[in-house]
Amino acid sequence: MVFGLLGPNGAGKTTTIRMLATLLRPDGGTATVLGHDVVKEADKVRSRVSMTGQYASVDEDLTGTENLIMLARLLGFDKQGARDRAAELLEAFGLSDAADRQIKNYSGGMRRRIDIAASIVVAPDLIFLDEPTTGLDPRSRNQVWNVVRALVADGTTVLLTTQYLDEADQLADRIAVIDHGHVIAEGTSSELKASVGAGALHVRVADPGRTEQAEQMLSRALGVEVVREPDGISLSARADDPKRVSTALTELNEAGVDVTEFSLGQPSLDEVFLALTGHPAEDEPDRNVGNQEVVR
């Protein structure tokens, strides 16, 4: 199972993970992981969990093989067992060809994969993945997603923090949305989408220069805020009334704003976040918050 913790930078995701992983003492309240109190039974928690943070924890001057052998030896493997486990992990994560290269010469995606491999030298019951794909290109993100799916298939539970709505949609069985240090909604992706409206209109404009005009016209016709997607030519908005959708599309056509494609369907997680918080996830500024509220 993958449980997603979704929220913008500064919402409290990393602080929550650090408390649950016993790396940070909560200011107040209580929290348990796998039945153990994170303060009173920290050693028992640590014996059953692992964590991959936002920055690589491996030694960049060592090779992939050397890093994994070192960790395996520290965790009690004998020499041959450590070599075997390192080779097994490198093969599973598609890093065998880079086994003898220093980590500092790995690509961003390869670093994330070796970092996750290092976290499961001894397979944990629960692994915390703190924004594992931040800064990665689409291909590397997909590779990390496949790694996460493989972990779950092998029986490990994953608690994943992310600010990417599509990542939560792709991976998480259940999602908690955090804003200002508080969990404001929780459920499956479908449940969260159903909670904010019957549907959503998605439109792609042919001429990028007319996207702003299309955005204004749709907002006026539908009576809701329109979200512009990162590609600059796609727009989406809540759409509960099919008649208003028809009117909006007709007005675009009459104004000469060509639309290459449109669809009416379930809201995206981006629209869910906008409805719940009043702002898109990617627009939220960084800030420090009282994150202890999350785990009370």
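**Notebook: loops, a buried helix residue and a helix pair**

I began with Gly94, which is found in the loop between α4 (79-92) and α5 (108-119). Helices here are DSSP runs of H or I with at least four residues, strands are runs of E with at least two, and both are numbered from the N terminus. The model is predicted, so local features need pLDDT of at least 70 and side-chain atom pairs count only at pLDDT 80 or more, while totals for chains, interfaces and linings use all residues. Residues are numbered from 1 along each chain as its sequence is written, and side-chain values use heavy atoms, with hydrogens and water left out.

I looked up the accessibility of Gly94 and found 56% relative accessibility, so Gly94 counts as exposed. For this entry and those below, buried means under 20% relative accessible area, exposed means over 50%, and partly exposed lies in between (1.4 Å probe, protein chains only).

**Whole protein**

I recorded 11 helices and 12 strands in the protein. The C-alpha trace spans about 75 × 45 × 30 Å along its principal axes. Of the 296 residues, 48% are buried. I then took contacts (heavy atoms within 4.5 Å). Among those between residues at least 6 apart in sequence, 70% join residues at least 24 apart.

**Loop between α1 and β2**

I found Thr22 in the loop between α1 (13-20) and β2 (32-33). Thr22 is not a glycine, yet its phi is positive, about 70°. Most residues other than glycine have a negative phi. Thr22 counts as buried because its relative accessibility is 11%.

Arg25 has its place in the loop between α1 and β2. Arg25 counts as exposed, at 62% relative accessibility. I noted 9.9 Å between the C-alpha atoms of Arg25 and Thr15, which are 10 residues apart along the chain.

**Loop between β2 and β3**

Leu34 is found in the loop between β2 and β3 (36-37). I recorded a positive phi of about 55° for Leu34, which is not a glycine. Its relative accessible area is 37%, so Leu34 is partly exposed.

**Helix α6**

I looked up Val148 in helix α6 (residues 138-153). Val148 has a relative accessible area of 1% and is therefore buried. Leaving aside neighbours within four places in sequence, I found Val148 in contact with Val2, Leu129, Val158 and Leu171. Val148 and Leu129 are 19 residues apart in sequence, and their C-alpha atoms are 9.1 Å apart in space.

**Helices α9 and α10**

I examined the axes of α9 (residues 211-222) and α10 (residues 242-254), which come within 9 Å and cross at roughly 150°. Axes are lines fitted to C-alpha atoms, for helices over the stretch in contact, and angles run from 0 to 180 degrees between N-to-C directions. On the α9 side I listed Ala214, Met217, Leu218, Arg220, Ala221 and Leu222, which meet Arg244, Val245, Ala248, Glu251 and Leu252 in α10.

**Ring and charge**

I noted that the charged end of Arg141 sits over the ring of Tyr164, 4.5 Å from its centre. The criterion is NZ of Lys or CZ of Arg within 6 Å of the ring centre and within 35 degrees of the ring normal.
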